[in-house]
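Work through the exercises below with the sequence and the model side by side. Try each task before reading its solution.

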Amino acid sequence: MVMTHTTHTFQAASQDRAPRMNFAKAAPRAFKALIGFDAAAREGLDPALVELIQIRASLLNGCAYCLHMHTSDARKAGEDEARLHMVGVWREARNFFTVKEQAALALTEAVTLVSRDGVPDDMYAEAARHFDEQELGRVLALVFAINTWNRIALSTAKVAGEDERAAH
């Protein structure tokens, strides 16, 4: 039964279709609040790390819209193409990422997939070794934000390759 559900979900998500709604217009106060939350989360974080976190969460959530947006942003910011290709398999390609980035990617996975195993103490402790408390708070906030953006894009059937940020 799980296989059927998974297959059905994938087929529905992969079909070409029009977006369901414009969330920014339907819930403008919530949208603006999330933009503010997102901006506060990134404040003071390394822009390369921000994009890696957003790319990893978007990969885990299967959000093509956000994945396209954040890989494009990373390229524009000068991110190395090889690193972008390795984000999905970072554990097998650790040499592409600093230990700090690895800790952030592991934490991103744990928080994104929190219903599976929670956030293990050892993983949290490893992240806390590489980020001071304020920075770690912003990393967590960024993970919360990208997971919310992913869910908005997936729920409203955003089309990968389109970028509506300039309109807001």
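**Exercise 1: Helix 5**

Task: state what covers the buried residues of helix 5, then list those residues and check the helix length.

Solution. The cover over the buried residues of helix 5 includes helix 3, helix 4 (47–61), helix 6 (81–86) and helix 10. Helices here are DSSP runs of H or I with at least four residues, strands are runs of E with at least two, and both are numbered from the N terminus. The model is predicted: local features need pLDDT of at least 70, side-chain atom pairs count only at pLDDT 80 or more, and totals for chains, interfaces and linings use all residues. Residues are numbered from 1 along each chain as its sequence is written, and side-chain values use heavy atoms, with hydrogens and water left out.

Next, the residues. Tyr65, Cys66, Met69, His70, Thr71, Ser72, Asp73 and Ala74 of helix 5 are buried; buried means under 20% relative accessible area, exposed over 50%, and partly exposed in between (1.4 Å probe, protein chains only).

Then the length. The expected span of a helix is 1.5 Å times one less than its number of residues. Helix 5 (residues 64–76) has 13 residues, so it should span 18 Å, and its end C-alpha atoms are 18 Å apart, which agrees. After helix 5 comes Gly78, with a positive phi near 95°.

**Exercise 2: Aromatic pairs**

Task: find the aromatic pairs in the whole structure and classify each one.

Solution. Rings of Phe, Tyr and Trp (its six-membered ring) pair if their centres lie within 6.5 Å; planes under 30 degrees apart count as stacked, over 60 as edge-to-face and the rest as tilted. The search gives two pairs. For Phe23 and Phe31, the centres are 6.5 Å apart and the planes lie at 65°, so this pair is edge-to-face. Phe31 and Trp149 are also paired edge-to-face, at 5.6 Å centre to centre with 75° between the planes. This second pair links distant parts of the chain: Phe31 lies in helix 3 (residues 28–42) and Trp149 in helix 10 (residues 133–155), 118 residues apart.

Now the burial. Phe31 counts as buried because its relative accessibility is 12%; Trp149, at 17%, counts as buried too. Phe23, Phe31 and Trp149 form one aromatic cluster.

**Exercise 3: The whole chain**

Conventions: Contact means heavy atoms within 4.5 Å.
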